[in-house]
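Subject: Structure for your review

Dear colleague,

Please find below the structure that I am handing over to you. I would ask you to keep it open while you read the notes that follow.

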Amino acid sequence: WLSLDCLTAANDAVKAQKTSITTIANFKAQLPVIDLGITTETANKAEIQVKLDEANKRLVAAQAKLAAATTDADKKILTTAVGSWTSATRAYASKIRNIDITIKKLEAAKLAATNKPAELAANIADARESAKLICTKGF
């Protein structure tokens with residue numbers, strides 16, 4: 001009654017159990033690294049946000065001065081300043097968006113690393129139950 005299918009299923013269940021120990025340890029080891037990445041990116045975002053806020057203030061000030069400028073020379077200089085501060089605010093805003101994307105990816109990786117061990121345990125239990133069923137005498 002111990003068929004080749006039974007032996008294969010039993011071996012697969014044992015291999016899955018052994019492999020899961022290493023896999024679960026790897027997932028757990030990733031969590032602090034992912035948390036550090038999230039913390040670092042959050043700090044980077046706060047730093048860039050300060051720069052963006054300052055650039056926005058300077059942009060508004062340059063725009064106000066440009067609106068009040070009377071000479072062509074002043075208008076030319078202030079137009080250049082407005083263009084520069086506009087570029088700076090766009091660059092900082094883009095960097096913040098990229099940081100947000102990175103944080104979301106890290107959070108998704110953390111969620112996966114947290115949930116995968118439970119999914120793995122369920123798969124191992126399924127493999128064990130399948131092996132029991134296949135190895136049932138008379139099946």
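In this predicted model, the side chains of Arg58 and Glu54 form a salt bridge, with a distance of 2.9 Å from N to O. In general, side chains of opposite charge can pair when their charged atoms come close.

A second example is found in helix α2, where Glu119 and Lys116 are three residues apart, again about one helical turn. Their side chains meet in a salt bridge at 3.3 Å, N to O. Glu119 has a relative accessible area of 40% and is partly exposed; Lys116, at 34%, is also partly exposed.

Which parts of the chain does the salt bridge between Lys45 and Asp100 tie together? The two side chains meet at 2.7 Å, N to O. Lys45 lies in helix α1, which covers residues 4-68, while Asp100 lies in helix α2, which covers residues 72-134, so this pair links parts that are 55 residues apart in sequence. Lys45 is partly exposed, with a relative accessible area of 28%, and Asp100 is partly exposed at 24%. The model has five salt bridges in total.

The largest nonpolar core consists of five residues, namely Ile48, Leu52, Ile96, Ile99 and Ile103. Helices α1 and α2 each supply at least two residues of this core, and α2 gives the most, with three. Leaving out residues up to four places away in sequence, Ile99 touches Glu41, Asn44, Lys45 and Ile48.

Leu106 is another residue of helix α2. Apart from its neighbours within four places in sequence, Leu106 is in contact with Ile34, Gly37, Ile38 and Glu41. Leu106 and Pro32 are 74 residues apart in sequence, but their C-alpha atoms are 11 Å apart in space.

A polar atom of the Thr86 side chain lies 2.7 Å from the backbone oxygen of Val82.

Finally, I turn to the chain as a whole. Its secondary structure comprises two helices and zero strands. The radius of gyration is 30 Å, well over the 14 Å that the globule rule gives for 139 residues, so the chain is more spread out than a compact globule. Along its principal axes, the C-alpha trace spans about 100 × 25 × 15 Å. Of the 139 residues, 19% count as buried. Among contacts with a separation of 6 or more, 82% are between residues 24 or more positions apart. The accessible surface comes to about 9,600 Å², and 61% of it belongs to carbon and sulfur atoms.

Yours sincerely,
A colleague

Conventions. Residues are numbered from 1 along each chain as its sequence is written. This is a predicted model: local features need pLDDT of at least 70, side-chain atom pairs count only at pLDDT 80 or more; totals for chains, interfaces and linings use all residues. Side-chain values use heavy atoms; hydrogens and water are left out. A salt bridge is a side-chain nitrogen of Lys or Arg within 4 Å of a carboxyl oxygen of Asp or Glu. Helices (H or I, at least four residues) and strands (E, at least two) are DSSP runs, numbered from the N terminus. Buried means under 20% relative accessible area, exposed over 50%, partly exposed in between (1.4 Å probe, protein chains only). A polar contact is a pair of N or O atoms within 3.5 Å; within protein, one must be able to donate a hydrogen and the other to accept it, and residues adjacent in sequence count only if both atoms are side-chain atoms. A nonpolar core is a set of buried Ala, Val, Leu, Ile, Met, Phe, Trp, Tyr and Cys residues joined through side-chain atoms within 4.5 Å. Contact means heavy atoms within 4.5 Å. The radius of gyration is taken over C-alpha atoms; the globule rule is 2.2 Å times the number of residues to the power 0.38. Accessible areas come from the Shrake-Rupley method with a 1.4 Å probe; for residues, only the protein chains shown count as cover.
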